[in-house]
Amino acid sequence: TGGAASFYSISPALPTGLSLDSTTGLISGTPSAYTANTTYSLTAQNAAGTGNTTTFNLAVQKQTQTITFPVLNAAVLTDATTTTQTLAATAASGLPITYSLAAGSSSVCSLSGDTVTASVAGTCTVNANQSGDSVYAAATQASRSFTVYAGLVAPNISLSASQGTYTYGLDVGTPYTVANAGGPASGYTVSPAIGAGLTFDA
């Protein structure tokens, strides 16, 4: 609002990537480093060297980022086994993701890198984090939960003989054996009822 200025200066130095036009007093550029809120003094001088100073605040914020975390599938435990899933969360920044288990989940599952392993029935919750860097701020944590069910594998039985011919009045001995290639069997049934004089071990 005063006389014409012929030279501008600023103190302290502007954030990296920004520059001051000493003739017009305009600030331009693309900031390339995070800078906390700072008070700057801009001084205008005329040809005679008379100057006037004003102050302003400037901050360079980090870029924001988000995490995309695909849904985790429910898991079914088979007899005396564990089940694993590969975690595939990504950050919009392209920076690497780190994983952690939510409180209480360590009794149900465990983590190794980007693999979660469920070992007992319950609920497992996995957190995905990205802490940021010099350009990006930390992302908001993303979490996924999945249910682990205790499942049993069905028995898969076969007999050593499919045909039995017995003689009336004589002990049959051991006519066949049972092989089970599946999960454990807690009991057996037979239909129709076996003949008189024979017994079935259930």
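Entry one, accessibility and position of single residues. I first looked up Gln61, which counts as exposed at 70% relative accessibility, where exposed means over 50% relative accessible area, buried under 20%, and partly exposed in between, with a 1.4 Å probe and protein chains only. Gln61 sits in the loop between β5 (51–60) and β6 (67–68); strands are DSSP runs of E with at least two residues, and helices are runs of H or I with at least four, numbered from the N terminus. From Gln61 to Ser11 I noted 20 Å between C-alpha atoms, at 50 residues apart in sequence.

Before going further I noted that this is a predicted model, in which local features need pLDDT of at least 70 and side-chain atom pairs count only at pLDDT 80 or more, while totals for chains, interfaces and linings use all residues. Residues are numbered from 1 along each chain as its sequence is written, and side-chain values use heavy atoms, with hydrogens and water left out.

Entry two, other positions. Ser106 belongs to the loop between β10 (98–101) and β11 (109–112) and is exposed, because its relative accessible area is 61%. Ser106 and Ala48 are 58 residues apart along the chain, and their C-alpha atoms are separated by 74 Å. Gly29 lies in strand β3 (residues 27–29) and is exposed at 53% relative accessible area; its C-alpha atom is separated by 24 Å from that of Gly94, which is 65 residues apart from it along the chain. Thr78, in the loop between β7 (75–77) and β8 (83–86), is partly exposed, with a relative accessible area of 35%.

I found a cis peptide bond joining Ser11 and Pro12, with omega about -5°, and placed Pro12 in the loop between β1 (7–11) and β2 (18–20). The bond from Ser191 to Pro192 is also cis, with omega near -5°, and Pro192 falls in the segment after β16. Between Thr78 and Pro192 I noted 31 Å, C-alpha to C-alpha, at 114 residues apart in sequence.

Which residues lie nearest the centre of the largest pocket? They are Tyr166, Pro175, Tyr176, Thr199 and Phe200, out of 29 lining residues; a pocket is an open set of points on a 1 Å grid over the protein atoms alone, where a 1.4 Å probe fits, with protein on both sides within 12 Å along at least five of seven lines, and lining residues have an atom within 4 Å of a point. The lining divides into 15 nonpolar, twelve polar and two charged residues. The largest pocket holds about 820 Å³ of space. Tyr166 is in the loop between β15 (157–159) and β16 (178–180) and is partly exposed, at 40% relative accessible area. Tyr166, Tyr176 and Phe200 are also among the residues that make a nonpolar surface patch of about 810 Å², a patch being built from residues with over 30% relative accessible area and no salt bridge, with nonpolar side chains joined within 5 Å.

Notes: Points joined across faces, edges and corners; volume = space filled by probe spheres on them. Nonpolar A, V, L, I, M, F, W, Y, C, P; charged D, E, K, R; others polar. Patch = residues over 30% accessible without salt bridge, like charges linked within 9 Å, V, L, I, M, F, W, Y side chains within 5 Å. Areas by Shrake-Rupley, 256 points an atom, 1.4 Å probe, with all protein chains shown as cover. Salt bridge = Lys/Arg side-chain N within 4 Å of Asp/Glu carboxyl O.
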